[in-house]
Amino acid sequence: MNETTVQLNDKTARTHILQDLQHQAAIASKVYVQRDYNSGTICKFQTKFPSELESRVDKQQFEETMQTLNNLYAEAEKIGGKSYLEGCLACMTAYTIFLCMETHYEKVLKKIARFIKEQNEKIYAPLGLLLTDPIERGLRVVEITIFEDRSIGFGR
Amino acid sequence: MKNCEYQQIDARALGTPASSFQPCTEMKVPRLRRKWEVFPGKNRFYCDGRIILARQSGILPLTLGLIVVTSVLFFAFDCPFLVTHLTVCIPVIGGVLFLFVVISLLQTSLTDPGILPRALPDEAADIEKQIYTSGSSMYRPPPRTKEILINQQVVKLKYCFTCKMFRPPRTSHCSLCDNCVERFDHHCPWVGNCVGKRNYRFFYSFIVSLSFHTSFIFGCVVTHLTLRTYEVILLHQKESPARYPFHIICFFSIWSVLGLSGFHTYLVASNLTTNEDIKGSWSSKRGAEDSGNPYTYNSIFINCCATLCGPMPPSLIDRRGFLPPDDIPPVAAADLELSSFLAKNDTNMVGMPSSGHTS
């Protein structure tokens, strides 16, 4: 399977490498960053740096990633003119437009997925870490998988 | 040696229905299951996971039946009379209201109310590990509550033993559906589903439009009866009392629906849920001065807009997503790796798990 993935020379190769990391490399441990409810029920994750990552990643880099993630979720849940317009329009059509239109929240979720993928490819995968999109964990936690050291240097 | 075996399988896989090779040919294209098929809660799914319903549909058929029968009787018996005597707008308005009611009802019943997916084993173990600092060999269940501060107010988060996680604020576990539901309002038997964060606006538009609809029908019926009575008295015409029982049902249901709409309007305006109101979570009777609702925006207009016109949150349970192939039993997984060597140029096998994500 190693030869198969290395033969591909396009961007999909990196995605396959990340998936190979998941399937082949031994998982040393998983760290979970919980939700921060101090501001209410909005989606926000704790930015406190977990101690298990001290040897792997720079604290500031991690906190910057988490802060950007929180900002993106705040953008998705923002109550303002645009969301009111969407809500009123939906109400008038008996909410049937949700069947054919992509909501603002869904658009931002796609943006978040792209952001996490980019962060994984550029920063975390070379350090043997993998961030899981919180939507795959029901927006409860940010799961960070720590892989064993010997699998680093794979394809980079 | 292995390569020879693969070539043998490759040649035989084309046609021979030999039982020893049957599993291999079947396992080459394993049927990926969708997440709704293994959903642990008490829900039913239709249309390949697009529609979700509580296992007990409650009295939803009765609700639909009452609405449809009353409306049909109205259109059949009252509308012809009123169209000739008053205006043609009456059936039009009635029709629009009826459509609104039925669509809102179906949306409330068939939408995911905001179910929280259960914690995965790793996550649950991590939560338990965080609670226990000492290495005790005896298993103790985690403490039931965790206190946090929301807007300078102490809120207790409870641990859900079924879902293996601390419930977010305003989340409650519905025993009928066996799910934790975000911003849990109540489980409505009339609608046959929980009312939570994602379908509260549908529920509210259902009860408000139903109030308007029943009031409208009742008003038209009273008008019809009044005009009829004049005609009976003045022109000595015959009366037809057959449909009166349904009008009596309409009369009694108006007050309950109007009352419910009024109650929920109060809840929306103060950003409360039925669950919180019944339990008196933020009631000032508790004695503490600052035990107000920490979620309110302190403005009726903003509370209403936030609850009803806020952004539509996505479904977190990802019903139509595919399960990762890790769930396939180890024997079959070995065969999968086997067949991936055969299809060297076939990138689909490796890429399949990631392409199944749809919300």
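Let me start with one side chain, that of A:Arg56, which reaches the backbone oxygen of A:Phe147 at 2.6 Å, and which also reaches the backbone oxygen of A:Leu127, at 3.0 Å. What we are looking at is a predicted model, in which local features need pLDDT of at least 70 and side-chain atom pairs count only at pLDDT 80 or more, while totals for chains, interfaces and linings use all residues. Residues are numbered from 1 along each chain as its sequence is written, chains are lettered from A and ligands numbered from 1 in the order in which they are written, and side-chain values use heavy atoms, with hydrogens and water left out.

A:Arg56 sits in the loop between β1 (27–34) and α3 (59–76) of chain A, helices being DSSP runs of H or I with at least four residues and strands runs of E with at least two, numbered from the N terminus. Is this residue buried or exposed? With a relative accessible area of 17%, A:Arg56 is buried, where buried means under 20%, exposed over 50% and partly exposed in between, using a 1.4 Å probe and protein chains only.

Now to the interface, where 48 residues of chain B are in contact with 39 residues of chain A, contact meaning heavy atoms within 4.5 Å. Between the two chains there are 2 salt bridges, each a side-chain nitrogen of Lys or Arg within 4 Å of a carboxyl oxygen of Asp or Glu. B:Asp122 and A:Lys30 meet through their side chains in a salt bridge, at 3.2 Å from N to O. On the side of chain B that touches chain A, α5(B) gives the most, with 5 residues.

Conventions:
A polar contact is a pair of N or O atoms within 3.5 Å; within protein, one must be able to donate a hydrogen and the other to accept it, and residues adjacent in sequence count only if both atoms are side-chain atoms.
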